[in-house]
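Please read the following explanation alongside the sequence and the model.

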Amino acid sequence: MIDALARTDGVLRTDRSFADLTTLRIGGTPAATLVCSSPAAVATVVGTLDRAGVPLLVVGGGSNLVVGEDVAGLVAVVLAPGRGEDAAPVVDTATGTVTAFAGEVWDDLVAVTVDAGFGGLECLSGIPGSVGATPVQNVGAYGAEVSRTLSRVELYDRTTGTLDWVDPASLDLAYRYSNLKFTGRAVVTAVEFRLTTDGLSAPLRFGELARRLGVGADEDRPRRPVADVREAVLALRRGKGMVLDADDHDTWSAGSFFTNPVVPDAAARDAVLAAVTDRCGADVAASMPCYPAGEGFKLSAAWLIDRAGFARGWQVPADDGGTGRAALSTKHTLALTNRGGATTADIVALATAVRDGVRAAFGVTLVPEPVWVGVSLPD
Ligand SMILES: Cc1cc2nc3c(=O)[nH]c(=O)nc-3n(C[C@H](O)[C@H](O)[C@H](O)COP(=O)(O)OP(=O)(O)OC[C@H]3O[C@@H](n4cnc5c(N)ncnc54)[C@H](O)[C@@H]3O)c2cc1C
């Protein structure tokens with residue numbers, strides 16, 4: 001069956017390990033790797049494997065995955081751009097509508113929209129991975145979320161075996177979440193965005209970025225030329241090791257490893273503040289990032305990790321079984337990185353130590369952002 005699928009139009013078999021397929025560069029070798037370069041190819045491959053009961057994992061850029069060493073029972077279905085001209089993103093300059101195959105490289109698409117003078121995606125510059133994965137976890141950065149720009153999403157529904165455009169509202173998009181994440185119920189095969197066409201960015205909402213772009217304190221809903229915003233975002237991201245660079249181990253990561261925790265109410269927030277005061281003093285507690293989020297409050301995972309004693313570059317001590325192959329990024333405490341030759345066990349040990357340390361210090365249990373396959377974080 002795999003050989004027959006490999007002969008399908010738009011499908012290529014290139015067997016590789018997950019250490020090759022993921023940005024954390026860890027994980028074993030799947031039974032086969034089938035690269036699909038069109039929605040029809042995705043539908044054929046996923047449909048055939050599903051009907052035969054073969055477990056599969058859809059992969060884009062592998063930048064949000066933690067994969068175990070034993071995955072030999074799995075077929076990796078990789079979505080990647082095709083070479084034909086008809087596969088290029090479709091850009092409608094009159095309406096600001098852009099449509100792209102899910103396997104396109106996300107940042108290449110952002111560059112196309114910025115070159116066209118379209119606003120809406122510029123703050124999401126430099127995020128690794130594919131177009132199709134962006135609605136899966138509603139990617140976000142620098143005050144923007146992809147959900148604000150989606151007009152339609154094409155899905156291959158694995159229950160019905162059909163390919164259809166759906167309204168983004170049906171995906172329950174929320175902070176780093178959609179009902180596609182963790183469920184695998186459907187594969188995103190194409191995405192349509194509706195962007196602004198006046199050459200200016202979406203209103204800037206993120207202080208650090210606004211300051212870099214010279215936004216004045218009195219400016220209401222400040223906007224700037226999209227190319228300037230893209231350049232500023234890429235510069236900020238590079239400083240934090242958040243733009244992939246094969247030569248920089250700080251970028252051998254899955255990005256932010258833990259989501260920012262949301263505590264349910266003021267009492268829970270005050271309990272965290274009391275724990276921070278006990279450990280770090282009242283001055284530090286007064287500076288704790290804390291933002292209203294629905295009924296509760298969103299805290300900063302990076303800040304909590306740092307204040308719990310995990311500085312940049314921290315690694316599990318050798319006395320506790322640390323191998324030195326996995327460490328926090330030297331640029332950002334929220335990224336767990338492969339320093340070269342790390343195994344899944346090294347990353348799991350590091351993640352466990354950080355999560356448990358933050359819990360012991362402040363009573364907050366951090367939750368990983370990436371999708372785990374063939375391995376899990378122990379309770
Ligand atoms: C250095 C770095 C920086 C990052 N910065 C950010 C950031 O600023 N903001 C942010 O939100 N994220 C960030 N990330 C995380 C990651 O880049 C995004 O989540 C990205 O959208 C993942 O895309 P991918 O194609 O690599 O997905 P993969 O890692 O290949 O897959 C992730 C999950 O999505 C599923 N999936 C992938 N494609 C599809 C599809 N077409 N249809 C259905 N399911 C699919 C997979 O099965 C898997 O469950 C960062 C990661 C790295 C390494």
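Ala293 belongs to strand 14, which spans residues 290-293; helices (H or I, at least four residues) and strands (E, at least two) are DSSP runs numbered from the N terminus. The model is a predicted one, in which local features need pLDDT of at least 70 and side-chain atom pairs count only at pLDDT 80 or more, while totals for chains, interfaces and linings use all residues. Residues are numbered from 1 along each chain as its sequence is written, and side-chain values use heavy atoms, with hydrogens and water left out.

Because its relative accessibility is 26%, Ala293 counts as partly exposed; buried means under 20% relative accessible area, exposed over 50%, and partly exposed in between, with a 1.4 Å probe and protein chains only. Apart from neighbours within four places in sequence, Ala293 is in contact (heavy atoms within 4.5 Å) with Val262 and Lys298. Gln315 is 22 residues from Ala293 in sequence, and the two C-alpha atoms are 32 Å apart in space.

The ligand has 33 residues around it, of which Val58, Gly60, Ser63, Ser130 and Gln137 come nearest; a residue is near a molecule or strand if one of its heavy atoms lies within 4 Å of it. A backbone N or O atom of Gly60 lies 2.7 Å from a ligand oxygen atom, and a backbone N or O atom of Gly62 lies 2.9 Å from an oxygen atom of the ligand. From Arg237, a polar side-chain atom lies 2.8 Å from a nitrogen atom of the ligand. On its own the ligand has 970 Å² of accessible area, and the protein covers 94% of this, by the Shrake-Rupley method with a 1.4 Å probe. Strand 3 (56-59), strand 8 (140-141) and strand 12 (186-194) are the elements that give two or more residues to the shell.

Five aromatic pairs are found in the whole structure; rings of Phe, Tyr and Trp (its six-membered ring) pair if their centres lie within 6.5 Å, and planes under 30 degrees apart count as stacked, over 60 as edge-to-face and the rest as tilted. The ring centres of Trp106 and Phe193 are 5.8 Å apart with planes at 55 degrees, so this pair is tilted. Trp106 lies in helix 4 (residues 106-115) and Phe193 in strand 12, so the pair ties together parts 87 residues apart in sequence. Both Trp106 and Phe193 are buried.

Phe257 and Trp372 form an edge-to-face pair, 6.0 Å centre to centre with 80 degrees between the planes. Phe257 counts as buried because its relative accessibility is 0%. Ring pairs link Phe257, Phe258 and Trp372 into a cluster.

Conventions. Polar contact = N/O pair within 3.5 Å; in protein donor to acceptor, adjacent residues only side chain to side chain.
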